[in-house]
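Morning, everyone. I have one structure to go through, and I will keep it short.

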Amino acid sequence: MTHVVTEQCIRCKYTDCVDVCPVDCFREGPNMLVIDPDECIDCAVCIPECPVNAIYAEEDVPADQVQFTKLNAELARAPGWKSITKRKPALPDADEWKDKPGKLQELAR
């Protein structure tokens, strides 16, 4: 199993989760983080660190977010999505976006 970053992360990109990851499985895109399923060891330490509750165990991903399981795997291998291992500031307007639903169209690849 793996963990999955879901829609709540889009346009926020809080990076509290990367500081606690023991295997550096997070990848950073322009306005979202994803988890590389080949690197994730299913330790779950990232889940409580996410301030927007965007991270789920694969088997717990909400039904309306299941497409993010495949999307995490795809984007983790995409050119330009590099490993992130240290916390950095969230996006400047993250607080404005953190509670908005329906952000998939906002995803910058």
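I will take the cysteines, then the aromatic residues.

This is a predicted model, in which local features need pLDDT of at least 70 and side-chain atom pairs count only at pLDDT 80 or more, while totals for chains, interfaces and linings use all residues. Residues are numbered from 1 along each chain as its sequence is written, and side-chain values use heavy atoms, with hydrogens and water left out.

Cysteines, then. How many disulfides does the structure hold? It holds 0, where a disulfide is a pair of cysteine sulfur atoms within 2.5 Å. For Cys21, the nearest cysteine sulfur belongs to Cys25, 3.6 Å away. For Cys40, the nearest is also that of Cys25, at 4.6 Å. Cys21 is buried, at 11% relative accessible area, and Cys40 is buried at 13%. Buried means under 20% relative accessible area, exposed over 50%, and partly exposed in between, using a 1.4 Å probe and protein chains only.

Now Trp81. Is Trp81 buried or exposed? Trp81 is buried, with a relative accessible area of 4%. Leaving out neighbours within four places in sequence, its contacts (heavy atoms within 4.5 Å) include Arg27, Pro30, Met32, Leu75, Leu107 and Arg109. Arg109 is 28 residues from Trp81 along the chain, yet their C-alpha atoms are 8.6 Å apart.

Last, Trp97. The charged end of Lys100 sits over the Trp97 ring, 4.7 Å from its centre. That label requires NZ of Lys or CZ of Arg within 6 Å of the ring centre and within 35 degrees of the ring normal.
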